[in-house]
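Here is a friendly walk through one protein model, written to be read with the structure open beside you. Each section picks out a spot and looks at what surrounds it.

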Amino acid sequence: MTFTVRSLLDLAAVGTTSLTPGIGEDRHIEWAHVCEQPAPWLWLGQHALVMTTGIGVPEGTAAQCAYLSGMHDAGIAAITIDAEMPAYPFTPEALAHAARIGFPVLQTEYEVRFVTLAMTVAEAGQRERAARVRQTEQLYAALGEHDVDDAIDALLDELGRILGADLSLHPHERGAGPGAFRQLGAGLWAAPLLSPGEPELQIAHSGPVDRTLLQHAAAIVDNALAVKVAARRSDWLHGSLLLGDLCDESVASAPSEHLVEAYGVHPPYLLAVAQHPDTRDTLDQVHAAFGSSRIPALATLKDGQVLVLMSAADPIEPLLGALADTRSGIGVSAAFTELSTLPNALRQARSALIRAHQSGRVMRFDEQEATSLFLPNDPEQLRGIARQVLGPLRTYDEQRGTSLTHTLRIFLEENRSWVRASERLFVHRQTLIARISRIEKIIGRDLSSMEDTAECWLAVQAAIGCGDLAPNDPAPEAEESQRALR
């Protein structure tokens, strides 16, 4: 237990009371020393208890306030003054100043020798160090007894029992470096961890905090999570390959159901899709989140997106919600029971992802509203609408290696503004005019006509809704742009 000003005041044998009751009583005392100099902070440092007969205490309120402020600024824990000997006792105004800055001023009975206080603080320090060693040994013993297949919550509970605190894992709040302890509120501390997914360990602890022990606890939890990730990485890799093959329909549905069940994922299924510039980091976070929660799932990368196959019966909402908070939304398919329908579930999840990008939350396909007043929700119907208008243009792009579909989309998104569209495409205005002219000939539409423009806009939205176009279509490569001019 940390020895504080309150700990000292609670010991009747040292005959010490506070002249500033309730002020700074949680301040940590590590050592005690007599100092009769007028500037104790030049000789003593942090967490020291200054003991004085009053020789160094100056005369007058202003000088006494400066005296107390100097010790407070140096991190000195407190000062205790003899009850009878001072030539210049602290004035009420000086004590009020000490209370304002949070510096405790104590008074020790004349009969109590200062050596008694010093020995009391020293013995408390020895007991504290011995207790810290025992607790540290217990913390690492708990890690040694923790099996890689045990839930991480079991380790958190045991560490919390040893520390007399509540430990929990939460998504990492960006901005703080790994291992950098910070206080979130009264009695609540947090430390970002280095393990995959970079979770954050939060520690709720009443009373003084021993940061050394908390650092040990954070390192132990980090180590346990890293070991769990390493042990499961092989399974995750094989699961990733399996899910990729299922999405490509390169595995027969009958045996694939048994393969998926081997990973603990049972029907009815859900497929979630997340999109983020750093897909590898997102995949690691998905694995870490599902692994630490002991919820079976398969995850893979496909077309710049992270795909997650899971059971609809598992408590997945908190996990998806936490991932959506940091990954710009997640789209989730409707529940399905046959893995042969996984490609359709992927289209549904991608359709829901469009809405999720707008809201930054988890969006389920079966709860989203219609894409517009004029378009259906069914992916196949959307695909048919898109092909009626964009089919010839997409065929042209595929055969010629151009990106005219992208040009049309940007032109429409910029409300047919030649200036804004050319800036987004990084081409000259005349180049854009030539491209639009070619597009009009290929699709047989006049983009100066409101009717034809509306038809093309709905076709683009339908292609996005069925997953044929990404929600955020990437800009074409420079060499493709050059080919489009020819």
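## A loop arginine and its partner

Arg-445 sits in the loop that runs between helix H14 (429-443) and helix H15 (450-465). Helices here are DSSP runs of H or I with at least four residues, strands are runs of E with at least two, and both are numbered from the N terminus. As for the ground rules, this is a predicted model, in which local features need pLDDT of at least 70 and side-chain atom pairs count only at pLDDT 80 or more, while totals for chains, interfaces and linings use all residues. Residues are numbered from 1 along each chain as its sequence is written, and side-chain values use heavy atoms, with hydrogens and water left out.

Setting aside residues up to four places away in sequence, Arg-445 touches Gln-388, Val-389, Glu-440, Asp-452, Glu-455 and Cys-456; contact means heavy atoms within 4.5 Å. With neighbours within four places again left out, Glu-455 is in contact with Val-389 and Arg-445. Glu-455 counts as partly exposed, at 36% relative accessibility. The classes are buried for under 20% relative accessible area, exposed for over 50%, and partly exposed in between (1.4 Å probe, protein chains only).

## An enclosed strand

Is strand E3 (residues 48-52) enclosed or open to the outside? Since 5 of its 5 residues are buried, E3 is largely enclosed by the rest of the structure. Ala-48, Val-50 and Thr-52 point one way from the strand, while Leu-49 and Met-51 point the other way.

E3 has strand E2 (residues 31-34) as a parallel partner, joined to it by 4 bridges, and Trp-31 stands opposite Ala-48. Another 4 bridges join E3 to strand E4 (residues 78-82), again running parallel; here Thr-52 stands opposite Ile-81. Two strands count as paired if DSSP finds at least two bridges between them.

## An open antiparallel sheet

Elsewhere, 4 strands form an open sheet in the order E6-E9-E8-E7, with antiparallel pairing. Strand E6 (166-170) and strand E7 (182-185) stand at the edges with a single partner strand each, so one side of each has no neighbour in the sheet. On average, neighbouring strands of this sheet are turned by 30° against each other, direction ignored. Axes are lines fitted to C-alpha atoms, for helices over the stretch in contact, and angles run from 0 to 180 degrees between N-to-C directions.

E7 is joined to strand E8 (residues 188-192) by 3 bridges, and the two run antiparallel. In this pairing, Arg-182 stands opposite Ala-190 in E8. Helix H5 (residues 152-163) packs on the sheet, touching E6 and strand E9 (200-204), and its direction makes about 145° with that of E6. Helix H6 (residues 211-247) also packs on the sheet, touching E6, E8 and E9, and its direction makes about 140° with that of E9.

Helix H6 also holds Asp-245, which is partly exposed with a relative accessible area of 33%. Not counting residues up to four places away in sequence, Asp-245 touches Ser-250 and Val-251.

## A tilted aromatic pair

The structure holds 3 aromatic pairs. One of them brings together Tyr-269 and Phe-336, whose ring centres are 5.6 Å apart and whose planes lie at 45°, so the pair is tilted. Rings of Phe, Tyr and Trp (its six-membered ring) pair if their centres lie within 6.5 Å; planes under 30 degrees apart count as stacked, over 60 as edge-to-face and the rest as tilted.

Tyr-269 lies in strand E10 (residues 269-275) and Phe-336 in the loop between strand E13 (330-332) and helix H10 (342-359), so the pair ties together parts that are 67 residues apart in sequence. Tyr-269 is buried, with a relative accessible area of 0%, and Phe-336 counts as buried at 8% relative accessibility.

## The whole chain

The protein chain has 16 helices and 14 strands. Of its 486 residues, 48% are buried.
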